[in-house]
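My entries follow in the order in which I looked.

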Amino acid sequence: MTIRDMVEADLPQVMAINEANVPEVGDIDLEQLRFIVSESAARLVVEVDGAIAGFCLVLAPGSAYDSINYAWFMERYPTDWYLDRVAFDAATQGKGFGSQLYAEVELRLTAAAATGLTLEVNIDPPNEPSLAFHNKHGFAEVGQQTSHDIEVSLMRKFAR
């Protein structure tokens with residue numbers, strides 16, 4: 001398993017993983033994906049046996065990204081990073097790769113002097129595995145809102 005920065009050639013695989021994980025992550029097209037990647041402070045892929053198994057995109061403060069969840073967090077936690085999306089191929093879920101990916105994100109946000117990491121998890125429809133994962137990794141709910149007809153738990157973790 002390798003964690004590395006995402007490159008343009010990764011986008012078709014990243015797009016396929018993203019689409020296989022809707023509605024847990026938002027549905028986007030390739031142009032939207034390119035924009036989010038270009039705005040991301042951390043754009044990482046997890047490679048297993050030469051294939052992309054998962055990815056995450058994390059935005060720093062000051063992005064032009066127009067997500068209502070990102071805006072909510074930036075109003076309240078203006079020095080935090082925002083994890084916009086993380087997804088894995090179904091065959092690689094539950095193998096600890098997500099924990100390793102989050103550890104890498106935390107190293108990067110600490111190096112950038114960010115104060116925390118924010119994200120949202122679906123609660124209606126519920127994403128129980130994601131809620132359990134984030135609770136296990138020290139995230140706490142700081143609010144709730146509805147985004148694109150999906151109710152989400154807005155979660156935050158302090159940087160180490």
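I started with polar contacts: a polar contact is a pair of N or O atoms within 3.5 Å; within protein, one must be able to donate a hydrogen and the other to accept it, and residues adjacent in sequence count only if both atoms are side-chain atoms. I note that this is a predicted model, where local features need pLDDT of at least 70 and side-chain atom pairs count only at pLDDT 80 or more, while totals for chains, interfaces and linings use all residues. Residues are numbered from 1 along each chain as its sequence is written, and side-chain values use heavy atoms, with hydrogens and water left out.

**Entry 1, Asp10.** I looked up Asp10 and found it in the loop between strand 1 (2-5) and helix 1 (11-20). Helices (H or I, at least four residues) and strands (E, at least two) are DSSP runs, numbered from the N terminus. I asked which side chain makes a polar contact with the side chain of Asp10. The partner is the side chain of Arg4, at 2.7 Å. For contacts I used heavy atoms within 4.5 Å. Leaving aside neighbours within four places in sequence, I found Asp10 in contact with Arg4, Asp5, Val45 and Ile52.

Side chains of opposite charge can pair when their charged atoms come close. I took a salt bridge as a side-chain nitrogen of Lys or Arg within 4 Å of a carboxyl oxygen of Asp or Glu. I found nine salt bridges in the structure. One of them joins Asp10 and Arg4, at 2.7 Å from N to O. For accessibility I used these classes: buried is under 20% relative accessible area, exposed over 50%, and partly exposed in between (1.4 Å probe, protein chains only). Asp10 is buried at 5%, and Arg4 is partly exposed at 23%.

I then looked up Glu75 and Arg76, whose side chains meet in a salt bridge at 3.5 Å, N to O. Glu75 is exposed, with 62% relative accessible area, and Arg76 is partly exposed, with 41%.

The side chains of Glu104 and Arg108 also form a salt bridge, at 2.7 Å from N to O. I placed both residues in helix 4, four residues apart, about one turn of the helix. Glu104 is partly exposed at 22%, as is Arg108 at 25%. Salt bridges that share partners join Arg4, Asp10 and Glu47 into one network.

I counted 15 residues in helix 4 and read 21 Å from the first C-alpha to the last, close to the 21 Å expected. The expected span is 1.5 Å times one less than the number of residues. Among the buried residues of helix 4 I list Leu101, Tyr102, Val105 and Glu106. After helix 4 comes Ala113, with a positive phi near 65°.

I paired rings of Phe, Tyr and Trp (its six-membered ring) if their centres lie within 6.5 Å; planes under 30 degrees apart count as stacked, over 60 as edge-to-face and the rest as tilted. By this rule I got six aromatic pairs. Tyr102 and Phe139 form an edge-to-face pair, 6.1 Å centre to centre with 80° between the planes. Tyr102 lies in helix 4 (residues 97-111) and Phe139 in the loop between helix 5 (128-136) and strand 6 (140-147), so the pair ties together parts that are 37 residues apart in sequence. Tyr102 is buried at 3% relative accessibility, and Phe139 is buried at 4%. I also noted one aromatic cluster, formed by Tyr65, Tyr70, Trp72, Phe73 and Tyr82.
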